[in-house]
Amino acid sequence: MTNATRLDPELWGEAYARVEHLLIAYRVSNRFLLAQLSNHILTSAAQRHLAEPDRPRADLAAEEALRLIGDWIDALIGPSNDSRERRFAQGRAAIFLADLPARWPTSFLNFRNPPPEVVERLRATYLAAGPDLEFSNMAPQPINLGPISYAADGTWRTFEKWPLLRGLFLWSLILVLLGSAFYLTRV
Amino acid sequence: MSDENEAPFGPSSAHVARITRRRVSVVTFVVFTASSATLLMADLLWGMPLQGWNGIVLALYAVLISLVSFGASQAFFGFLVRRGRGDSCLLTRLEPAEETEDAPLGPTAIVLPIYNEDVARVYAGLRAIYHSVAATGRLEHFDFFILSDTTDPNIWIEEEVGWVELNRELNSRGRIHYRKRRHNTNAKAGNIADFCRRWGARYRYMLVLDADSIMSGETIVRLVRMLERHAGVALIQTAPVLARGETLFARILQFGMRLYSPVFLSGLNYWQQGQGNYWGHNAIVRLAPFIAHCALPELPGTAPFGGKILSHDFVEAALLQRAGWAVWMVPDIDGSYEEGPPTLIDSAQRDRRWCQGNLQHFWLLFARGLRGASRVHMALGIFSYAASLLWLTSLVLGTLLVIGFVRTGLTWVPTPGLATTFGIAAHVEIVVLVALTVLLLFGPKLLAVIDLLRQPGGAARFGGTSRVLLGVLGENLFSILLAPILMVFHAKFLVATVLGVGVRWVTQRRSSGDGTGWGVAFRTHADQTILGLIWLAAQIYYAPGLIGWMSPVLAGLVFSVPFSVLTSREAYGRAARRHGLFSIPEEIAPPPELVSVDDTLNQSRPSAVVLPDTSPDRGLFRAIFDPYVNAVHVCLLRERPGHSEEIRQYFDEVRERLLQQGPEALKPKEKLALFSDAESMAWLHAELWRRPPASLALWWREALRSSTDRVRISALA
């Protein structure tokens with residue numbers, strides 16, 4: 001860090017905490033690597049602070065961290081037709097799937113000489129919902145429900161269209177039921 | 001060579017003759033037993049002074065005894081056909097010979113439709129199946145698809161993360177796929193159809209699982225081989241064994257199913273042969289005919305009777321058969337498991353859904369072109385619920401009859417013409433009628449027990465003869481108390497459906513937690529308890545002599561609340577297990593797949609980078625905060641080419657509100673919209689890390705602080 005940026009340890013401490021939090025979220029768990037990467041990112045942030053002294057140091061540090069991770073993913077995965085946001089997401093997903101922070105901890109954010117296996121795995125990983133599509137036509141075919149079901153359907157529709165008719169039918173049904181009960185219970 | 005020893009699966013006249021012969025035998029059994037019982041009943045009711053009622057009681061009895069008799073016929077013929085060398089007309093009898101075992105298998109998709117399920121359990125099952133298929137050495141022929149219709153964002157995120165972790169652990173990337181539908185059109189049938197439309201052409205077969213299904217690799221490979229061998233078969237349904245039950249309710253249910261089902265399933269296969277049914281899961285399907293014929297049309301009218309078909313499986317089997325394909329059930333294949341509902345209330349919830357689905361089949365009963373067997377399957381499905389209403393009606397009428405006698409002062413003096421002709425007293429005829437009814441009700445269970453005891457080592461697989469007999473005794477007591485409770489439940493569901501009260505597609509709870517609480521039980525069983533008490537009071541007042549006869553029904557209803565609560569307790573289930581009661585072979589000598597599921601669930605630990613499980617928006621936080629979870633989520637969402645200005649403004653406003661005011665300021669619909677938009681989720685992730693915490697809502701600041709501690713402890717431990 002330069003002399004100009006060394007003046008506010010509390011503010012840089014806050015920036016350090018933001019960066020460390022982000023790196024831990026990326027599952028960087030080795031304390032030495034954590035300190036090394038945080039220092040590297042804060043140095044970049046300090047450079048930017050010289051050009052943008054009015055901006056909070058913690059914000060600059062967070063932006064630098066995200067930029068650095070994005071650049072590293074771009075460098076590892078190489079060119080593609082996806083947008084930068086999509087590439088960034090694909091790269092992070094590939095890192096997660098390969099369990100890179102746990103299996104190759106020193107490779108995380110390491111631009112120089114990444115292990116070929118890591119590069120190969122990350123480039124081969126493209127997360128998508130399923131394999132390539134091969135569309136089939138699966139269209140419902142009408143079923144001839146037969147005269148009874150059609151008659152029932154017709155009656156149903158008529159009742160829905162004419163609520164009064166439905167009421168009349170229901171009242172008739174009640175009367176028939178009560179009448180039947182009266183008749184059947186005669187000794 | 002008799003026709004039964006020839007290849008019996010082609011459309012030859014011998015094949016048709018054999019099926020006809022078998023069906024005539026079953027119908028003869030039903031006609032003989034049901035009409036005999038109905039005749040005795042008619043003879044007894046003849047001359048009853050309360051004219052008219054007897055006709056209704058007799059008609060109800062005739063329908064109910066016919067249904068009971070049909071069930072008994074399956075056990076009877078199943079028992080017979082399992083003697084000696086067993087049924088020669090099983091699909092498994094024509095499996096490929098040993099030398100063809102290494103022949104390539106058709107490409108097969110194993111699909112697992114899920115809807116707001118317990119993610120840990122679902123993936124533990126999938127992991128077990130994957131390992132088991134891999135152990136057969138035939139993994140290269142299979143792809144796995146998790147087809148999610150989940151609507152709960154927290155579970156959605158768990159599913160995605162679990163899928164990546166599963167792929168990482170099994171090194172199965174490109175073999176286990178995850179797809180989440182944006183819209184849950186047509187529920188499970190729509191979920192499967194969506195898979196068929198997108199990827200169906202890549203595969204020859206599709207094995208359909210349920211969220212709680214477990215199948216062995218050997219069984220799966222065997223099913224594929226059978227479809228390869230039998231070109232005219234479009235669907236093979238296995239008979240899944242209920243397993244992994246912990247509560248007393250689930251354990252008794254699975255014990256009964258495991259013990260009694262072999263004879264019933266053999267009897268079912270005896271008459272249905274290649275015109276079987278589909279139960280929606282643990283079955284393998286030939287994809288080309290399924291895609292060509294099984295897209296479901298809408299039924300006339302609106303829900304709950306019409307509209308989308310809910311119980312799609314019966315209809316799909318019927319449509320395949322209409323197109324000339326065979327559908328087989330294989331009762332003799334092991335290695336197929338599922339879990340039952342843990343409590344009575346969960347079971348009733350599932351029944352309510354099934355009730356509406358089965359009643360919808362009324363529309364298809366008379367559809368042109370369907371096979372007779374398909375109509376029988378659908379009619380039986382309808383009657384499985386309608387019978388409850390008929391039974392309730394007949395019991396109520398019977399009680400009213402007795403009350404009628406008391407109130408009118410009339411005495412019923414039976415004048416049985418038939419019995420008198422043969423010199424039999426009326427009370428003897430009553431005893432014969434009751435004995436026949438009891439025999440038809442409990443005889444099938446007895447046959448199943450005899451079938452088990454006759455097998456070498458059969459009882460030992462259930463823990464020994466004494467435990468089997470004790471278990472059967474307990475199961476029968478349980479069934480007697482359960483039957484009237486289900487009768488009222490089903491009758492209520494039926495009436496509710498007919499009156500147009502719909503059923504929501506609810507998630508089936510597959511584990512009991514702490515069991516059913518007393519409050520929930522009182523609310524759920526209040527009507528049954530009240531009905532039981534009124535019924536009891538009426539009998540005490542009018543006809544105390546009837547209480548003895550009605551006591552099984554009354555006891556079930558009056559004690560429905562404690563029955564529901566006590567059988568839902570895992571502690572009682574575990575106690576029964578310790579004493580070897582209601583044990584099934586899969587508990588005593590568990591297959592590797594079930595052991596694997598238990599081991600995985602016992603080892604599973606909560607993921608580190610999360611808010612507490614109690615937080616309602618933990619999924620939202622995790623998907624935005626965690627760089628990897630966010631990445632997986634964004635990658636799995638379809639990228640949209642570009643929003644219109646109006647939609648862009650909408651998302652801009654909602655995102656800002658989420659960051660500045662927290663998730664409480666968003667409606668569930670808005671949260672789901674953000675969740676489904678890849679651009680918004682990527683933007684929110686970047687902004688959360690970029691913005692100073694002071695500019696975020698208090699909810700975010702507290703969640704970040706909490707997660708920081710959790711992450712730090714987890715990462716630096």
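Mentor: We take helices, then sheets, then the contact between the chains. This is a predicted model: local features need pLDDT of at least 70, side-chain atom pairs count only at pLDDT 80 or more, and totals for chains, interfaces and linings use all residues. Residues are numbered from 1 along each chain as its sequence is written, and chains are lettered from A and ligands numbered from 1 in the order in which they are written.

Trainee: Why are helix 7 of chain B and helix 14 of chain B called roughly perpendicular?

Mentor: Their axes come within 8 Å and cross at roughly 100°. The label covers 65 to 115 degrees, with under 35 roughly parallel, over 145 roughly antiparallel and the rest oblique. Helix 7 and helix 14 of chain B are therefore roughly perpendicular. Axes are lines fitted to C-alpha atoms, for helices over the stretch in contact, and angles run from 0 to 180 degrees between N-to-C directions.

Trainee: Which residues make the contact?

Mentor: Helix 7 of chain B gives Leu259(B), Tyr260(B), Pro262(B), Val263(B) and Phe264(B). From helix 14 of chain B come Pro444(B), Lys445(B), Leu447(B), Ala448(B), Asp451(B) and Leu452(B). In contact means C-beta atoms, placed from the backbone, within 7 Å. By class, nine are nonpolar, none polar and two charged. Ala, Val, Leu, Ile, Met, Phe, Trp, Tyr, Cys and Pro count as nonpolar; Asp, Glu, Lys and Arg as charged; the others, Gly among them, as polar.

Trainee: What makes strand 5 and strand 7 of chain B edge strands?

Mentor: The open sheet of three strands has the order 5-10-7 in chain B, with mixed pairing. Strand 5 and strand 7 of chain B each have a single partner strand, so one side of each lacks a neighbour in the sheet.

Trainee: How do you know that strand 7 of chain B pairs with strand 10 of chain B?

Mentor: Pairing needs at least two bridges found by DSSP. Two bridges join these parallel strands. Leu242(B) stands opposite Glu338(B) in strand 10 of chain B.

Trainee: What is the order of the open sheet of seven strands?

Mentor: In chain B the order is 3-2-1-4-8-6-9, with mixed pairing. Strand 3 and strand 9 of chain B are at the edges. Four bridges join strand 1 of chain B to strand 4 of chain B, which run parallel.

Trainee: How many residues does each chain give to the contact?

Mentor: Chain A gives 50 residues and chain B 55. Helix 4 of chain A gives the most to its side, with eight residues.

How values were computed
Two residues are in contact if their C-beta atoms, placed from the backbone, lie within 7 Å.
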